Amino acid sequence: MTQDYWRWPESTWTSKDIDWKNSSTITAGVDIGSNSTQAVVMCDNSLFGYANLRTGPDYRESAGQAMKQALGKSGMTIRDIKYTVATGWGSRNVAFAQKIVDEVNCHARGARFIYGSSVKTVVDLGAQTCKAIRLYDWGRVSDFMMNDKCATGMGRGIEVMADLLQVPIQEMGERSLTVGKDPEPVSTTCYDFANTEAIGLFREGYKENEVLAAYLFAIAWRIHGTVGKVNPEKELAFTGGLAKNAGIVKRLERDMKMTALTSEYDPQLAGAIGAALIARDTVEKD
Amino acid sequence: MERFKEILEDRHEYARAWKKRTGGKVLGYYEPYMPEEIVYAAGILPVRLLSQHEPDDTTDRQMYGNCACSRDLLNQFIKGRYDYVDGLVNAEGCQWMLNAFQTTLNFKTALFNHYVFVPDYVDGKTSKDVMRSELEVFKKALEKWTGKAITGSALDHAIEVYNTNRRLMRQVYELRRADSPVVLGSEAMEMVLASQVMDKAEMNDMLRDAIAKLAERKPRSDTGVRLMLVGSPTSDVELEKLVESLGANVVIDEICTGSCYFWNEVIPQPDRLMAISLRYLGRPHCALKDNNWRRRPAHIYQLYEDFQAHGVIIAKQIYCHPHGTDNPLIWKVLRERNIPFHYFERDTTLPYEETRLRMEAFINMLKPELVLK
């Protein structure tokens, strides 16, 4: 049986410590991206449960599955959730959400929950888009930039490269950092052309890890170009699936001359956490 | 209001019908510096060439690398969409439109054509004299083409018709200053765009009716976020409609197919051609012509303040070199004044989902209720 090198580990978690029945406000956030779906349940200000799954062909089904797994065996049902905010490319398919909020504002909010209120620059590294977000001191979004049109060099491209090189996706970043000095970056991050170029590098005698370094360096370079447009300032935080790729994060830190904040939370949950927090704000406001 | 939209969408049919009705000639033009009054005085219908959303399968061998707008115009000519046009004029603007003008003439050799040089330094000491002499040459070329002299009284009439149109459009735009405007951004833009392809006298009658009806219209209860639109010329209202679908409204624009088209009038003087020259040189500067005395940033800021916008959308047509060059300064000025803005590149077609995300995020960024803790 062939191995799916692109397949990243899905995860679910439900708190055993929080008695949700004693919570005054239960809210949820669902972030449906093109590759992954996250559902988060929050009891008051605490994370109660989450699920991080692969997005399927049916967004409604993906949203329902993620929410079901985030609730786990807690006994809580969707009816117990007071307010749900959906975000992400598939947000309009979340039938049980009362409101839709864009990813930029959700990631900004989620990043401050995950990394703390000192965050000034958030870089969301998703499957198709890179969003560089600047925040005011008080947390409001002051500016943002996105990659234009093409999804090249983002999460989906990494998956394609994982399969081509037959390297498990979660090992790609660390392995690319073992090469010492970075080779020249590949000249394009386009899936198709980068694949061809990677094959060409093998032919020239490059080792697997060197090809990885050349590819991830090119991706970091491209992301750096987008981030530079919002005049990034400390503190810096990465969110999204690619935030777990050390090969990209370390190169970006090096090129931006900044060290990103770290956290025990999964950075891929930022959008959904932000959505759940905005849901709570909405409840409080009403 | 529907009629403006219909004329804009069926602009080719409108021009064909005008031609059939009047027996007159139609002159297509590329750039906003084309002195329409002289054309109108010659009994010719000036029609601004506007791009449309159509797959471009003809221009790659002719105009590779140009902006989609200029390529689309060539595409439309090759496909016969502008078969009713009798002549083409390009008044010095961007290189892409000049390229479209010249390349079209390779295919349409029988068309009357004229090139009006417009100084890049519009505020230069000699610019008004240069422009005036260009208009003199242009007037003579039109007289030779039609076989008819353009009289002083015909020029006076044309100036009056065009100035009236500008005043009426300003009245429509004034309505947008209100806290709850009765006219949406998309509706106002449809009016301006329609005015660029219509007989101005007919347009003026329609505008008077529309303004009277707007006075009776109830404003929207939800006024939402007020936005300003800045950037490359556009020939549709997709962006305005998208913004409106998200609960916001474009209350003012600074684009050459929008407010810049009608913002200033011809101030009559005995030397009519000089009066027209001064009007075109003195119009809100296009990104390409804002060279020595930088007026564009101040004009943008003034409009932003006057129309109480909350933020600015800067939409640049991909490969638009004048705006690509000018944008960094605009960003700098907006940042210095703490004016929130979002910049993005658009193609002839608007990538809907991506643009919606951008607009949604920007509008949410400006909403007071989404204060992050």
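Here's a quick briefing on the overall build of chain A, its two domains and one pair of its helices. Keep in mind that this is a predicted model. Chain A has eight helices and 10 strands, and its domain assignment gives domain 1 (11-108 + 268-285) and domain 2 (117-260).

**Overall build**
- A compact globule of 286 residues would have a radius of gyration near 19 Å, and chain A comes in at 19 Å, so the two agree.
- Buried residues account for 50% of the 286 residues in chain A.
- Take the contacts in chain A between residues at least 6 apart in sequence: 72% of them join residues at least 24 apart.

- The C-alpha centres of domain 1 of chain A and domain 2 of chain A sit 27 Å apart.
- Domain 1 of chain A puts 11 residues into the contact, and domain 2 of chain A puts in 16 residues.
- On the domain 1 side, helix 2 (residues 103-115) of chain A gives the most, with five residues.
- That side of domain 1 of chain A has three nonpolar, seven polar and one charged residues.

**A pair of helices**
- Helix 5 (residues 191-203) and helix 6 (residues 208-228) of chain A have axes that come within 10 Å and cross at roughly 145°, and the crossing is right-handed.
- Helix 5 of chain A brings Ala194(A), Ala198(A), Leu201(A) and Phe202(A) to the contact, while helix 6 of chain A brings Val211(A), Ala214(A) and Tyr215(A).
- Sorted by class, the residues of this contact are seven nonpolar, no polar and no charged.

Terms used:
Residues are numbered from 1 along each chain as its sequence is written. Chains are lettered from A and ligands numbered from 1 in the order in which they are written. This is a predicted model: local features need pLDDT of at least 70, side-chain atom pairs count only at pLDDT 80 or more; totals for chains, interfaces and linings use all residues. Axes are lines fitted to C-alpha atoms, for helices over the stretch in contact, and angles run from 0 to 180 degrees between N-to-C directions. Helices (H or I, at least four residues) and strands (E, at least two) are DSSP runs, numbered from the N terminus. A crossing is left-handed if the near helix is turned anticlockwise from the far one by less than a right angle, and right-handed if clockwise. Two residues are in contact if their C-beta atoms, placed from the backbone, lie within 7 Å. Ala, Val, Leu, Ile, Met, Phe, Trp, Tyr, Cys and Pro count as nonpolar, Asp, Glu, Lys and Arg as charged, and the others, Gly among them, as polar. Domain bounds come from an automatic or database domain assignment. The radius of gyration is taken over C-alpha atoms; the globule rule is 2.2 Å times the number of residues to the power 0.38. A residue is buried if 20 or more other C-beta atoms lie within 10 Å of its own, exposed if 12 or fewer, and partly exposed in between; C-beta atoms are placed from the backbone.
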